[in-house]
Amino acid sequence: MITKILLGVLIGALSSTSGLGGGFMVVPYLIYLGKEAKVAVGTSFLFVLLVAISSLTAHYRVGNLDYKPGLLLAVGGVVGAQLGPTLVANISEVVFKRAFAALLISTGIWLIVKSAKG
């Protein structure tokens with residue numbers, strides 16, 4: 001239990017500084033613990049919700065919010081979030097794991113390339 005709380009502290013700190021939400025770290029951890037991919041994804045959203053509320057509050061206090069683009073993106077995100085669970089429910093565990101891994105690798109490569117240019 002202590003390990004999970006400490007990992008939550010680490011992921012919470014990383015996600016609140018990077019804006020990545022934390023699900024990209026929570027999902028592989030839950031899969032490592034033996035959860036099915038779709039359960040790992042769903043469970044990670046509880047984590048993401050609570051961390052996002054806390055991060056939003058902290059970023060608001062220091063003036064790091066731009067409401068208009070945040071709200072516009074949220075509208076699209078809410079619509080898209082209704083499609084995601086259906087997609088995850090209809091693909092195999094293997095396909096999900098490979099697609100998720102490809103997304104993480106692609107994002108990492110993009111960040112490395114982008115940081116090398118700037």
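Student: How are α2 and α3 oriented to each other, roughly parallel or oblique?

Tutor: Good place to start, and keep in mind that this is a predicted model. Two packed helices are described by the angle between their axes and the distance between the axes. Here helix α2 (residues 23-32) and helix α3 (residues 37-61) pack at about 135°, and their axes are 8 Å apart. That makes α2 and α3 oblique to each other, because only angles over 145 degrees count as roughly antiparallel.

Student: In which hand does α2 pass α3?

Tutor: The crossing of α2 past α3 is right-handed. On the α2 side, the contact is made by G23, V26, V27, L30 and I31. The α3 side brings A37, A40, V41, T43, S44, F47 and V48.

Student: How many residues of each class does that contact have?

Tutor: The contact of α2 with α3 counts 9 nonpolar and 3 polar residues, with no charged ones.

Student: Is S44 buried or exposed?

Tutor: S44, which sits in helix α3, has a relative accessible area of 2%, so S44 is buried. Beyond its neighbours within four places in sequence, S44 touches G23, V26, V27 and L30.

Student: Let's turn to charges. How many salt bridges does the structure hold?

Tutor: There is 1 salt bridge. E93 pairs with K97, and their closest N and O atoms are 3.9 Å apart. Both residues belong to helix α5 (residues 93-117), 4 residues apart, or about one turn of the helix.

Student: What do the relative accessibilities say about E93 and K97?

Tutor: E93 has 28% relative accessibility, so E93 counts as partly exposed. K97, at 39%, also counts as partly exposed.

Key. Residues numbered from 1 in each chain as written. Predicted model: local features only at pLDDT ≥ 70, side-chain atom pairs only at ≥ 80, totals over all residues. Heavy atoms only, no water. Axes fitted to C-alpha atoms, helices over the stretch in contact; angles between N-to-C directions. Helix = DSSP H or I, 4+ residues; strand = E, 2+ residues; numbered from the N terminus. Parallel < 35°, antiparallel > 145°, perpendicular 65-115°, else oblique. Left-handed = near helix turned anticlockwise from the far one by under 90°. Contact = heavy atoms within 4.5 Å. Nonpolar A, V, L, I, M, F, W, Y, C, P; charged D, E, K, R; others polar. Buried < 20%, exposed > 50% of the residue type's maximum accessible area, 1.4 Å probe, protein only. Salt bridge = Lys/Arg side-chain N within 4 Å of Asp/Glu carboxyl O.
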